[in-house]
Amino acid sequence: MAERRPDRPVPPMAGTAAVGAVVHLLATALEEGRDLPSMSGVLADSSYRLLPA
């Protein structure tokens, strides 16, 4: 990422934060009684948004 977009530095914990966000979405879905297959669209959209452009 640093080579592709030197104007947008990536914080060292960015990867950890992205994984934590996905885990949080899954945990919340389970707590609310939703089935995990129903989360596929939300997870795909979230993952796309979390990936560096």
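Colleague: What should I know before reading the values?

Modeller: This is a predicted model, where local features need pLDDT of at least 70, side-chain atom pairs count only at pLDDT 80 or more, and totals for chains, interfaces and linings use all residues. Residues are numbered from 1 along each chain as its sequence is written, and side-chain values use heavy atoms, with hydrogens and water left out.

Colleague: Why is Leu25 called partly exposed?

Modeller: Its relative accessibility is 24%. Buried means under 20% relative accessible area, exposed means over 50%, and partly exposed lies in between (1.4 Å probe, protein chains only). So Leu25 counts as partly exposed.

Colleague: Where is Leu25 placed?

Modeller: Leu25 is in helix H1, residues 14–31. A helix is a DSSP run of H or I with at least four residues, numbered from the N terminus. The chain has two helices and zero strands (a strand is a DSSP run of E, at least two residues).

Colleague: Which residues does Leu25 touch, leaving out those up to four places away in sequence?

Modeller: Met39, Val42, Leu43 and Ser46. Contact means heavy atoms within 4.5 Å. Leu25 and Met39 are 14 residues apart in sequence, and their C-alpha atoms are 8.4 Å apart.

Colleague: What makes the pair Arg34 and Glu32 a salt bridge?

Modeller: The N to O distance is 2.5 Å. The definition asks for a side-chain nitrogen of Lys or Arg within 4 Å of a carboxyl oxygen of Asp or Glu. Therefore the pair Arg34 and Glu32 qualifies. The whole structure holds one salt bridge.

Colleague: Why is Glu32 called exposed?

Modeller: Because its relative accessible area is 54%. Arg34, at 35%, is partly exposed.
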